[in-house]
Amino acid sequence: MSARDTDWDGVRLHIVTGKGGTGKTTVAAALALALAGQGKRVLLAEVEGRQGISQTFDVTPLASTEARIAHAPQGGEVFGLSVEAKAALLEYLHIFYKLGRAGGLLEKFGAIDFATTIAPGVRDVLLIGKVYEAVRRRKDHKAKGPGAIPAYDAVVLDAPPTGRVVRFLNVNHEVADLARVGPIRSQANSITAMLKSPQTVVHVVTLLEEMPVQETLDVIADLRATGMPIGGVVVNQVREAILTSKALTAAARSRISRKDVAADLNRVNVRATDAVVDGLLTEARDHAERVALERDEAKAIAGLRRPTYRLPSLPEGVDANGIRELAETLVAQGMA
Amino acid sequence: MAPMLDIDALIDDPQTRIVVCCGSGGVGKTTTAAALGLRAAESGRHVVVLTIDPARRLAQSLGLTTLDNTPRLVQGIDVTRGGSLDAMMLDMKRTFDEVVQAHATPDKAEQILANPFYQAVSSSFAGTQEYMAMEKLGQLRLEADRDPDNPRWDLIVVDTPPSRSALDFLDAPKRLGSFLDGRFIRLLAGPAKAGGRAYVKVFSAGVNIVTSTLTKVLGGQMLTDVQTFVAALDTMFGGFRERADHTYALLKDGGTAFLVVASPERDALREASYFVDRLDEEEMPLAGLVVNRVYRVAAPGLSAARALSAAEQLGDEESGSSSGGSSGVSDTAAITQGLLRVHAVQAEIAARHQSLAKRFIAGHPGIATVEVPAASADIHDLPGLRAVGDALAGR
């Protein structure tokens, strides 16, 4: 493991959420790679069966067993897992109840389907329960106590989007009315204890747009209210500044001289037709408007006073190489 | 070349009674639904827009400041053509409560509403939003058809929930059906429902193992709650499923049009592909694809490469002239240089969007498509929605 200080030393479970469309799977993948780049053994898990991880890494679809999907220098590795409620329940029943015939019967009677799709809360307890198990797993199954080496140095969870994540993580509350006592209850209690410990943080991914930023503010307030440890804010798809602030002001107020622009264009042999000059000025005005909006949103993010990371917009879209580039950026900014 | 999706022909056709907007999260589904509803209303139709989870300011622009699960008239629209626009936000818990109250006796309804299992199912079960969106759609349609001579609405525009798996709402009736017909439910509902004495005899050994295991795993209290819930809901199950089936049939009907909404990004278009295939599989009437937030350049005559090289030339010139001390020239040249770079970046994004859209179209020949240009600001007022409506109509 590296001796370099990062913002999240001691954290073993990184939960990544964000509004749909902000690139939370991409960021979760980049964070996993960034951690692996420090020589760590990392598990990257998804819980919504979307196969976002396998698509991001361009590997065969993940199953409900862990598979290595990437490796990094210094012996770091990323394993991928698509947590599936049914498999998690059967595994759970097997481990804790040693179910033989009854397991098959439960399946036959539709009880497994019932528990994993209809019974509220149970599904989430199972999904996050599997993540909990992975965080606590030891390299040597028989080793116990604080000295035992964990199977994974870090687990990154590509969590449900902002609209659902608080409910998803708040498993205790979800099962509170349903299971007041019993194994589901105690499982929920252990999960909650881990989620609220300093081992866990929830990072939020956003774009510099109104709705994603609003949802970021909302989800952080909600997480805070439930006592979940809040991590950093990752601002995704940041475009670099092109115009100077002077030019931005001029563009926004339509105070750029058409004549000067036309003269400049003609000098470098671009045919300065009215259409081209007007087009350029319109684009500049739109650009200035967008930049002004982005600045307002960036201010709102800064007001949260959380560690903030900025990932560039990749013009070619995100592929396996793009993820590595983003991972480097996160390392450089101290997230991993 | 894909056929152009003619939105005006679609919303002006009195045969079109329901428009369903579907697509993955973050592609502008709600905005599209609202813009479409507004455009149809201003062209003279009586429209109700059912939104699921609108952005706060968009909701405000539609006058949706209270979440009361009832359609409210949207103020400030152009009514010169005799149309009207109502809008509502879905409250899934309240919709579910209303269904219970409408289909169970008062004391039974009270019993169901107080059951913790019901409370969890109605407010947090992952599929409830989809079920309730379907339920609400059915209710709105019923309300619309109540007086055929003077219908309250002649067009319902629905924004679908951002489902974790695409098109979950299409599965809602089926899932509900298999849930209700499931052995497990019949088992919980009591032996009488499980098919008579003989059946019970054969299976009783198995049943006992199942119930005792469940008690062990879930705890006895939860099982009791589930049983009470199932028993109480039993009376209204039939009606529930019947209406879900009815709504499903309504969706397949010629009066319904599905619009798949996507943004020109790889992931969103992949989801859109899935939607298109699923709709096709279910034989649902797909009207076309809306590609939202497509970058367009205002100076299409100038390529990105040409703009960049021109910007570089100006840059060289600038460094030459600033050493000569003439700052006036370099000032405007710097601005022009910036304009060219802004253009180059936008032209590159526009080209990428075009190529992604083209690939989608090539993979789905024959699907009518319309592109909506990216707006430089977020949309949260009626003029903004009107502009989106114009773009949807290709104007």
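Trainee: At what angle do helix H1 and helix H14 of chain A pack?
Mentor: About 65 degrees, with the axes of helix H1 (residues 24–36) and helix H14 (residues 320–332) of chain A 8 Å apart. Axes here are lines fitted to C-alpha atoms, for helices over the stretch in contact, and angles run from 0 to 180 degrees between N-to-C directions. Helices (H or I, at least four residues) and strands (E, at least two) are DSSP runs, numbered from the N terminus.

Trainee: Before I go on, where does this model come from, and how is the numbering done?
Mentor: It's a predicted model, where local features need pLDDT of at least 70 and side-chain atom pairs count only at pLDDT 80 or more, while totals for chains, interfaces and linings use all residues. Residues are numbered from 1 along each chain as its sequence is written, and chains are lettered from A and ligands numbered from 1 in the order in which they are written.

Trainee: OK, back to the pair. How are H1(A) and H14(A) oriented to each other?
Mentor: They are roughly perpendicular to each other. The cut-offs are: under 35 degrees roughly parallel, over 145 roughly antiparallel, 65 to 115 roughly perpendicular, and the rest oblique.

Trainee: Is the crossing of H1(A) and H14(A) left-handed or right-handed?
Mentor: H1(A) passes H14(A) in a right-handed crossing. A crossing is left-handed if the near helix is turned anticlockwise from the far one by less than a right angle, and right-handed if clockwise.

Trainee: Which residues meet there?
Mentor: From H1(A) you have A:Thr26, A:Ala29, A:Ala30, A:Leu31, A:Leu33 and A:Ala34, and from H14(A) A:Ile323, A:Arg324, A:Leu326, A:Ala327, A:Leu330 and A:Val331. Two residues are in contact if their C-beta atoms, placed from the backbone, lie within 7 Å. By class, this contact has ten nonpolar, one polar and one charged residues. Ala, Val, Leu, Ile, Met, Phe, Trp, Tyr, Cys and Pro count as nonpolar, Asp, Glu, Lys and Arg as charged, and the others, Gly among them, as polar.

Trainee: How many residues of H1(A) are buried?
Mentor: 13 of its 13 residues, so H1(A) is mostly covered. Buried means 20 or more other C-beta atoms within 10 Å of a residue's own, exposed means 12 or fewer, and partly exposed is in between, with C-beta atoms placed from the backbone.

Trainee: What about A:Ala29, what does it touch?
Mentor: Leaving out residues up to four places away in sequence, A:Ala29 touches A:Leu44, A:Ile53, A:Thr56, A:Phe57 and A:Ile323. A:Ala29 is buried, with 32 other C-beta atoms within 10 Å.

Trainee: What does chain B have in the way of helices and strands?
Mentor: Chain B has 15 helices and eight strands, and 46% of its 395 residues count as buried.

Trainee: Which residues of H12(B) are buried?
Mentor: B:Asp267, B:Ala268, B:Leu269, B:Glu271, B:Ala272, B:Phe275 and B:Val276. Just after H12(B), B:Glu283 takes a positive phi of about 55 degrees.

Trainee: Where does A:Asn269 lie?
Mentor: In the loop between helix H12 (258–267) and helix H13 (274–302) of chain A. A:Asn269 is exposed, with 11 other C-beta atoms within 10 Å.

Trainee: And B:Arg293, buried, exposed or partly exposed?
Mentor: Partly exposed, with 18 other C-beta atoms within 10 Å. B:Arg293 is found in strand E7 (residues 286–294) of chain B, and has a positive phi of about 55 degrees without being a glycine.
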